[in-house]
Amino acid sequence: MVKVPHRLYLTEDEMPKQWYNLRADMKELPDPMINPGTMQPATEEDLYPVFCTKLAHQEMDNETRYVDIPEEVLEMYKIYRPSPLIRAYNLEKELDTPAKIYYKFEGNNTSGSHKLNSAIAQAYYAKEQGLKGLTTETGAGQWGTALAEACSYFGLPLTVFMVKVSYQQKPFRKAVMQTFDADVIASPSATTQVGRKILAENPETGGSLGCAISEAVEKAVGSEGYRYVLGSVLNQVLLHQSIIGLESKIAMEKLDEYPDVVIGCAGGGSNLGGLIAPFMQDKLQGRANPRITAVEPASCPSLTRGKYAYDFCDTGKITPMARMYTLGSGFMPSANHAGGLRYHGMSPILSKLYHDGYMDAVAVEQSKVFEAAVLFAKKETILPAPESAHAIREAIDEALRCKESGEAKTILFGLTGTGYFDMTAYEAFHDGKMSDYIPTDEELAKGFDSLPQMP
């Protein structure tokens, strides 16, 4: 039997030339977005003032199974893709498990994460449309960094509203974005009407992704020739991120492998939706039945403790409403270190699949996540991002369950990026200063009280 290599890289020619649209194979589609002005299902045209025209089309297209990746996007992908599928031999040995552990590593680019896969596509469509510039928000800074890179490549000005607590925790993320000419503003800020309103109500707030989205949308809508782009949650983002799963599946087929369990961290759903896409297609079409697990922080548990309801995607309540698992757009998560998972809602596609029983979800405490991150770093020599370490935690736990049962399962998880900008978090963990904040039912109830009343 041929030994599986530690790292398997596909060739450039083997890289997928199309993205996969999971909605084309769903038995039941997610409920439509609602225009808060009319309270009717949003149309593609409703999205044009906010999104690029082609991205608005991708957002609403439930039928096209495969979408051609533009040649210019493929060319930029080739700078850092295909990304490796890695067998975690050392981790398996440490855990003394019969399970085989694989991970898809998306950190081999300057943004340090999977976010570049969608940033390139969105910047390309904006440039193609002849726009003057873009606005966005960022939590941990990975998305802002990725979009700054992509906008710099295509020659587009970019304004990034960065969640204030992350802006303070991760000053070097800001420096990287500025290297790529982005204008970075701590959110909430005094530069927008919604930011001033949030600050007036709570001057000490550390901000949230919901706040930053509101500011970015307001700035885009109020600036001629600008549009807003988002790094997670949206259907279009999950479409672009499907390249992660498509490459993973091709690589596993080359090894004559297929995952029994697919695990991804979940904040808004971009990497999880991308990783699971072709495996969920197999599940929906009855070809295979992998267990698919979303892992979220116990401090922001939208799937495991949220409500499946229509909600605004932002705190300022200016975006269309989506039916998703949500903690309420007014929910203010604790300043935990997995800044990219501090979002109140979950992708409508993933919410629907979870609601219909096609995947499960677990919530994990921060200190347990960092225990897994440190063990992984020691054995696999990659310092993982705190977000990714949620998936590592569950992969380790699954491998230990296999040790108990004697099952030799094949586990695949997504290593979304590196943790080199998260040293304050690692320092807090090593110094014993990390807390495991879990919101009470009473605290969650306040967020649920902000849910819109639907007719």
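Author: Two strands are taken to pair if DSSP finds at least two bridges between them. The model discussed below is a predicted one.

Reader: Over how many bridges do strand S8 (residues 133-138) and S11 pair?
Author: The threshold for pairing is at least two bridges. Strand S8 and S11 meet it in the parallel sense, and their number of bridges is 3.

Reader: Which residue of S11 is the bridge partner of Thr135?
Author: S8 covers residues 133-138 and pairs with S11 in the parallel sense. In S11, the residue bridged to Thr135 is Tyr228.

Reader: Which strands are the edge strands of the open sheet of 4 strands?
Author: The order of the open sheet is S10-S9-S8-S11, with parallel pairing. Two of its strands pair on one side only, and these edge strands are S10 (183-187) and S11 (226-228).

Reader: What angle does the direction of helix H5 (residues 142-154) make with that of S8?
Author: Helix H5 packs on the sheet, where it touches S8 and strand S9 (158-163). The angle between the direction of H5 and that of S8 is about 160°.

Reader: At what angle to S8 does helix H9 (residues 209-221) run?
Author: Helix H9 lies across S8, S9, S10 and S11. Relative to S8, helix H9 runs at about 170°.

Reader: Which element supplies the largest share of the largest nonpolar core?
Author: This core holds 38 residues, and Trp19, Tyr77, Ile120, Leu134 and Leu158 touch the most other members. Helix H2 (71-77), helix H4 (116-128), H5, S9 and helix H10 (235-254) each supply at least two residues. The largest share, 8 residues, comes from H4.

Reader: How many residues make up the other core that lies apart from it?
Author: Leu8, Leu10, Met26 and Ala251 are among the members of this other core.

Reader: How many residues apart are the partners of the aromatic pair of Tyr103 and Phe376?
Author: By the rule used for ring pairs, there are 14 aromatic pairs. Tyr103 and Phe376 form an edge-to-face pair, at 5.1 Å centre to centre and 70° between the planes. Tyr103 is in strand S7 (residues 100-105) and Phe376 in helix H14 (residues 366-380), a separation in residues of 273.

Reader: Why is the aromatic pair of Phe376 and Phe413 edge-to-face?
Author: Planes over 60 degrees apart count as edge-to-face. The rings of Phe376 and Phe413 stand 6.1 Å centre to centre. The pair is therefore edge-to-face, because the angle between its planes is 75°.

Reader: Is Phe413 buried or exposed?
Author: A residue is buried under 20% relative accessible area. Phe413 has a relative accessible area of 0%, and therefore counts as buried.

Reader: Which residue of S15 does Asp311 stand opposite?
Author: Strand S14 (residues 307-312) is mostly covered, with 5 of its 6 residues buried. S14 and strand S15 (residues 321-326) pair in the antiparallel sense over 6 bridges. Within S15, the residue opposite Asp311 is Ala322.

Reader: Is Glu92 buried or exposed?
Author: Glu92 is found in helix H3 (residues 89-95). Leaving out residues up to four places away in sequence, Glu92 touches Arg87, Thr97, Ala99, Lys100 and Ile101. Because its relative accessible area is 8%, where the cut-off is under 20%, Glu92 is buried.

Reader: Is Ala190 buried or exposed?
Author: Ala190 is placed in the loop between S10 and helix H8 (193-201). Neighbours within four places in sequence aside, Ala190 is in contact with Arg196 and Leu199. Because its relative accessibility is 55%, where the cut-off is over 50%, Ala190 is exposed.

Key: Residues numbered from 1 in each chain as written. Predicted model: local features only at pLDDT ≥ 70, side-chain atom pairs only at ≥ 80, totals over all residues. Heavy atoms only, no water. Contact = heavy atoms within 4.5 Å. Axes fitted to C-alpha atoms, helices over the stretch in contact; angles between N-to-C directions. Phe/Tyr/Trp six-rings, centres within 6.5 Å; stacked < 30°, edge-to-face > 60°. Buried < 20%, exposed > 50% of the residue type's maximum accessible area, 1.4 Å probe, protein only. Core = buried A, V, L, I, M, F, W, Y, C linked by side-chain atoms within 4.5 Å.
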